[in-house]
Amino acid sequence: MRTLDAWRLNRELPAWERSFPRPLVDLSTVEAIDPYVAVFLVLYARRCAEAGGRLRLLLPRREEVARALAGTGLFRRAGEAVWTDRPPPEGPGENSLGIVRVEDEGEVQGLVDRACEVLADRFPLGERSIRVLAMAMLELLQNIPHHANPLGEEIEPYGLAAVQEFSDHIHLVVMDKGVGLHRSLALNPRYRGLGERQALEAVLIEGASRFTDPGRGGALRRIREVVQANEGRMLVRSGGAGFWQAEVEWGVEGVHPFPGVQISVQLPRALFFG
Amino acid sequence: MAMGRKVFHLRKFGRRLGTRLEGARAREEILAELSRLPVGGQLLVDLSGLEVLSGSFADEALAKVAEQLKDGELSDRYLLVKAEEEELLEDLSERLARRGLALFALVGEEWRILGRLSGYLEETLDWVVQHGEATSSKLAQALSISVKNASTRLKELHRLRLIELVPESRPVGGIQYRARAVISSKRKG
């Protein structure tokens, strides 16, 4: 396996799930790991631990790949919830854009400010690019406390976010293991009868919301439009449905069920020099 | 016309404004400022220095205030926004439109309407801004519509807090309303 990204993860997940809550995830032959996967593994480790198991990882054989994985903050964040076949390398230092936990709306603005400042230090972000990235982060991060557990059920949504820069794009990942878009949207009587795929489409294309207040909702649709306008890519996975957008094309398909909402937004780096 | 216009800087809440929580805090302050204005007073919310104004923050801080004004609260107080760049206003405009509201925005030397305003109301507002003021009879003549229709349009614009309506005695007896523009800029962007 060369690169483990969101698409590959969707294909691998059913096999991992067969040994849940002690899945064995073999990363030994992986040569690159997408930040979406790194964040997902933290979430997965948490889910396994809550079910009384433990996520087992075979680390990448190539040391630089294992270091890059540690650089995302995966092992620091997952802690004892993950077992590895050898001690993982050192994690990220200060000023990292590694995986952060999102628990409370009050901390969202600070998290976004810090992420934007780190990015601005690393390369010159244009005003427009900051606007696009910060807007997406602000909306996606606050969605976790707003929507991941709207009825205050006995679940821990465990919201996580990460930003990573690549040579050709910036990758933003936000995810949780809360109730998911389908169940959240069903709180609005207008959308109660929708299936998972229809719910995802309603949220991302129509701007549907669990609220009846016309001013609420629409953030995911807005981000999708911004991603499209900037020739980026977007993936939203919720429950058993996955929405993808690549430049102007989009689609919704069935995926192996997983609780919550997992979002990947990739914006071309060219935008950041505009 | 710009008498009684107080400026409220949103920058004090940060450079990147995004959460509903922060937006609700800003709304409380904006409402308090509006309530302290004299009758006919205007609050100009200045977005200078902001990098981001998310739809969520904009909805809580500004669209909900505009909705309260439309619903009749804080009568004869007016809310406007000012920005250096139009792009910053996009999400605010979208949220206003979804609530069926409209708000004046000053961008540089020009003005524009954010949100949603029907074509006939926009035509009426353009005329009032261009001429500074209007009575329904004058407007009816200028736009070739009935006086009743002109009067209805002015009332609707007043309900949206886009014009002032000032009562005055008619020479032939009774009361008529004179509409006054709340901005003086003639250039529409």
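How many residues does the contact take from chain A and from chain B? In this predicted model, chain A gives 20 residues to the contact and chain B gives 20 residues. On the side of chain A that touches chain B, the elements that give two or more residues are helix 5, helix 6 (127-147) and helix 9 (219-229) of chain A. Helix 6 of chain A provides the largest share of that side, eight residues.

Helix 5 of chain A can be followed along its length and around its axis. It runs over residues 108-122, and at 1.5 Å a residue its 15 residues should span 21 Å; the end C-alpha atoms are 21 Å apart, so the two values agree. The buried residues of helix 5 of chain A are V108(A), Q109(A), V112(A), A115(A), C116(A) and L119(A). Because they cover an arc of only 130° around the axis, they are on the same side of helix 5 of chain A. An α-helix has 3.6 residues a turn, so residues three or four places apart point the same way. On the other side of helix 5 of chain A, the exposed residues are G110(A), E117(A) and D121(A).

In chain B, helix 1 (residues 20-36) packs with helix 2 (residues 55-70) at an angle of about 25°, and their axes are 7 Å apart. An angle under 35 degrees counts as roughly parallel, and helix 1 and helix 2 of chain B are therefore roughly parallel to each other. Their crossing is right-handed. Among the residues that meet are R20(B), A24(B), R27(B) and L31(B) in helix 1 of chain B, and F57(B), E60(B), K64(B) and V65(B) in helix 2 of chain B.

Note on methods
Residues are numbered from 1 along each chain as its sequence is written. Chains are lettered from A and ligands numbered from 1 in the order in which they are written. This is a predicted model: local features need pLDDT of at least 70, side-chain atom pairs count only at pLDDT 80 or more; totals for chains, interfaces and linings use all residues. Helices (H or I, at least four residues) and strands (E, at least two) are DSSP runs, numbered from the N terminus. The expected span of a helix is 1.5 Å times one less than its number of residues. A residue is buried if 20 or more other C-beta atoms lie within 10 Å of its own, exposed if 12 or fewer, and partly exposed in between; C-beta atoms are placed from the backbone. The arc is that of the directions from the helix axis to the C-beta atoms. Axes are lines fitted to C-alpha atoms, for helices over the stretch in contact, and angles run from 0 to 180 degrees between N-to-C directions. Angles under 35 degrees count as roughly parallel, over 145 as roughly antiparallel, 65 to 115 as roughly perpendicular and the rest as oblique. A crossing is left-handed if the near helix is turned anticlockwise from the far one by less than a right angle, and right-handed if clockwise. Two residues are in contact if their C-beta atoms, placed from the backbone, lie within 7 Å.
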